[in-house]
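Me: Got a model open here and want to talk it through. Can you help me read it?

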Amino acid sequence: MSIEKNIQTVKDFFAAIGRGDKEALLALVAEDIEWIIPGKDWPLAGTYRGHAGLADLLETASRSMETSTEPREFVAQGDRVLVVGFASGRVTATNKPFEDDWIFAITVRDGRLTSIREYIDTQALARAAQMDASGPV
């Protein structure tokens with residue numbers, strides 16, 4: 001596929017996330033997609049594989065945080081699309097806010113996303129998710 005089509009596929013993916021359209025998301029990702037979210041000590045960190053993993057990630061995200069994500073720039077070469085963006089929100093369990101500048105490295109093959117690797121501010125997200133023994137810090 002062309003670079004322009006790959007970028008449009010990724011834009012469509014982020015639009016579907018923004019609408020909460022799970023059917024559109026599944027149509028845009030390969031059945032064996034791998035989504036890696038680095039870090040620990042916050043709810044979404046981990047590696048998610050396949051449509052079941054994507055569904056698990058979306059369910060965990062909807063339960064554990066409120067977020068607004070804004071992709072701001074798309075840079076592509078071959079089958080790779082880098083998306084530079086910003087997110088803000090709050091972690092539900094702690095009610096703590098966070099802000100996160102991020103980059104997603106996405107591979108698109110045959111019109112579907114096959115891998116996503118997030119580069120995010122894991123420290124900001126872990127701080128927002130942190131609780132002490134008596135509850136939210």
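Me: Where is Tyr119 placed?
Reply: Tyr119 is in strand β6, residues 112–119. Strands (E, at least two residues) and helices (H or I, at least four) are DSSP runs, numbered from the N terminus. This is a predicted model, where local features need pLDDT of at least 70 and side-chain atom pairs count only at pLDDT 80 or more, while totals for chains, interfaces and linings use all residues. Residues are numbered from 1 along each chain as its sequence is written, and side-chain values use heavy atoms, leaving out hydrogens and water.

Me: What's the relative accessible area of Tyr119?
Reply: 46%, so Tyr119 is partly exposed. Partly exposed lies between buried (under 20% relative accessible area) and exposed (over 50%), with a 1.4 Å probe and protein chains only.

Me: Switching to Ile3, where is that?
Reply: Ile3 sits in helix α1, residues 3–19. Its relative accessible area is 32%, which makes Ile3 partly exposed.

Me: Which residues does Ile3 contact, neighbours within four places aside?
Reply: Ala76, Gln77 and Gly78, where contact means heavy atoms within 4.5 Å.

Me: How much of the chain is buried?
Reply: 40% of the 137 residues count as buried. The C-alpha atoms fill a box of roughly 55 × 30 × 25 Å along the principal axes.
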